[in-house]
Structure formats: structure tokens, C-alpha cells
Amino acid sequence: MESSPLISAGLPIALFIIMIGIGMTLTLRDFRQVAVYPKGMVVGTVAQIVLMPIIAFALASLLALPPAIAVGLIIIAACPGGTTSNLFVLLARGNIALSIVLTVSASLITIITLPLITNMALQFYMGTEEDITLPVGKTIGMLVGIVLLPVAIGMLVRSRKPEVARKAESIVSVFGGIVLAVLIVALVYGTRDQIWKLLAQAGPATLLLNGAGIFIGLLAGRAASLTQRESLAVAVELGVKNGTIGLMVTLTLLESSTMSIPAAVYGVLMFPIGLLLAMYGRRVIPKTTAGLGE
């Protein structure tokens with residue numbers, strides 16, 4: 001279940017460029033608002049770290065999944081949001097600053113929680129435990145290199161040349177849409193020989209997990225009186241996972257190709273579903289509301 005060179009090499013470069021553009025839509029005030037009104041961050045983090053694994057346990061039991069598939073489903077549920085979630089939030093006109101904060105915070109917290117939840121799943125379904133350690137340095141390096149650094153560059157450009165930043169938003173959205181379309185095609189093409197088999201094995205469970213994550217995000221946002229933009233950011237963070245971490249745990253640390261199936265299938269399905277969520281966001285959130293500095 002290896003990624004193609006187009007994804008492994010091209011995607012980080014494209015994301016770096018996109019995150020610079022996203023940085024051009026942000027100011028320090030946006031992040032200050034997240035810090036001063038941290039309700040969205042708290043709701044999103046709790047839902048990501050606690051609720052998603054609980055939902056996965058429930059789905060695995062309700063669907064009577066085979067033990068290895070059940071463990072794989074719980075692992076992908078316990079993974080943090082991926083860096084592409086920030087792009088989906090931009091396209092959906094959600095709160096980008098909140099999305100970035102949730103991506104970083106969940107990624108750092110899951111360094112501790114993911115091994116614990118993985119061992120709970122292994123013990124519950126297979127009666128075993130494994131010594132699992134996620135690469136702390138690599139995770140922090142990824143967050144700095146693909147999220148924080150390019151966003152800081154974009155924010156610096158905006159502070160120095162605001163006219164460039166004003167022109168960047170539509171360009172970034174178009175470029176981001178193209179990147180996501182190419183990525184979906186590449187993912188489907190890369191699994192073309194086994195996609196139907198994979199979908200049959202884990203498709204319903206991963207689809208339900210993704211849908212539940214998005215629904216919980218929107219519902220929790222409404223229950224916590226978050227704005228539409230904040231609720232969308234939480235929903236996207238719950239729906240768009242870092243599948244690379246899931247594959248690393250299952251293939252590299254647990255050495256189980258069967259356990260990797262839910263992460264692989266989820267990694268394909270979350271992109272078209274994410275695009276549908278982005279289209280929904282663009283329908284319900286006026287462009288003026290999500291404009292620069294708003």
C-alpha cells in the first residue's frame with residue numbers, strides 16, 4: 001500500500017505552496033481570537049481524541065468486523081487531522097486559523113494517545129499488545145515544515161504586501177482544487193487493481209466513520225454555539241485524517257497489511273467526501289463572511 005512518487009514527493013511541495021497562500025489570508029488577530037475564545041479548539045480536540053475512537057469501537061462491534069479490520073479502523077479514527085484538512089477548510093470558507101491550531105494540537109497529543117488507543121484495540125480484539133512509539137521528531141518536523149513555516153511566510157507577505165495577499169485567495173483556492181483533483185485521481189489509479197476488494201472489506205465501515213466524524217463536528221459545533229465557520233473547521237478536522245500515520249502504524253510498526261486496509265480506504269474516500277463538504281460550506285457561508293481578516 002505504498003504511495004506513488006507523485007503523492008510522496010509532489011504533495012508536500014504543493015501543500016507548502018498552498019499553505020503560504022493560506023497564510024496570506026490570515027493575521028495574528030485570527031489566531032488571537034482562537035486563543036481568547038478557545039471553545040472551538042477544546043470542542044475539536046476532545047472530539048478528535050476521544051469521540052472518534054469511541055465511534056470506531058462502536059462501528060467495529062455493530063458491523064461485526066474481523067479483528068484485524070476492527071483494529072485498523074480504530075487506528076485511523078485515533079489519527080489526527082491531516083495537513084490537507086487546512087486546504088479543505090479554506091475551500092469550505094471555514095475558520096482556517098482554528099483548523100491550523102487543531103491540526104497542530106491533535107498531531108502533538110496523538111503522539112501519546114495513539115499508541116494507547118492502538119493497544120486498547122489490540123487487547124480487546126486480538127488479545128495482544130505491542131510496543132508502539134510514534135516518531136516525535138518527524139511529527140514535529142512535518143508540522144513545522146508543511147504547516148507552521150509556510151503559514152508564517154504567507155502572513156509575513158500579507159503584512160508587507162497586502163495587495164498581493166488580496167489577490168492570493170482566489171488563486172490558492174483554484175490551485176488547491178486542482179491539487180485535490182489530481183490527488184484523488186492518483187489515489188484511485190494507484191489502487192485500481194484492488195480498489196473493489198478493499199472497498200468490500202472496509203468501505204462501509206470507513207464511510208460510516210467519515211460521515212460520523214463530519215456529523216459529530218457539525219453537531220458539536222452547534223451544541224457549543226460555535227459559528228458556522230468554526231463548526232465547519234471542526235467537521236473537516238474530524239473527517240480528513242492523516243492516513244499516512246495510520247499506514248505507518250499498521251504497516252511499519254504492526255507489520256499487518258490487513259490492518260492497513262481501513263487507513264488505505266479511508267485515505268481514498270475522505271477526499272471526494274471532503275470536496276462535497278467544501279461545496280456545502282461555499283453554499284451556506286457567504287464569501288464576504290469568510291473574506292480576508294474576517
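Which residues form one aromatic cluster? I found that Phe 57, Phe 124 and Tyr 125 do.

**Basis.** I am working on a predicted model, in which local features need pLDDT of at least 70 and side-chain atom pairs count only at pLDDT 80 or more, while totals for chains, interfaces and linings use all residues. Residues are numbered from 1 along each chain as its sequence is written, and side-chain values use heavy atoms, with hydrogens and water left out.

**Aromatic pairs.** I paired rings of Phe, Tyr and Trp (its six-membered ring) if their centres lie within 6.5 Å, taking planes under 30 degrees apart as stacked, over 60 as edge-to-face and the rest as tilted. By this rule I count 4 aromatic pairs. One of them is tilted, Phe 88 with Phe 271, at 6.0 Å centre to centre and 40° between the planes. Phe 88 belongs to helix H5 (residues 84-91) and Phe 271 to helix H12 (residues 260-284), so this pair ties together parts that are 183 residues apart in sequence; helices here are DSSP runs of H or I with at least four residues, numbered from the N terminus.

I then looked up burial (buried is under 20% relative accessible area, exposed over 50%, partly exposed in between, with a 1.4 Å probe and protein chains only). Phe 88 counts as buried at 1% relative accessibility, and Phe 271 counts as buried at 5%. Phe 124 and Tyr 125 form an edge-to-face pair, 4.8 Å centre to centre with 80° between the planes. In that pair, Phe 124 counts as exposed at 59% relative accessibility, whereas Tyr 125 counts as buried at 18%.

Notes:
Helices (H or I, at least four residues) and strands (E, at least two) are DSSP runs, numbered from the N terminus.
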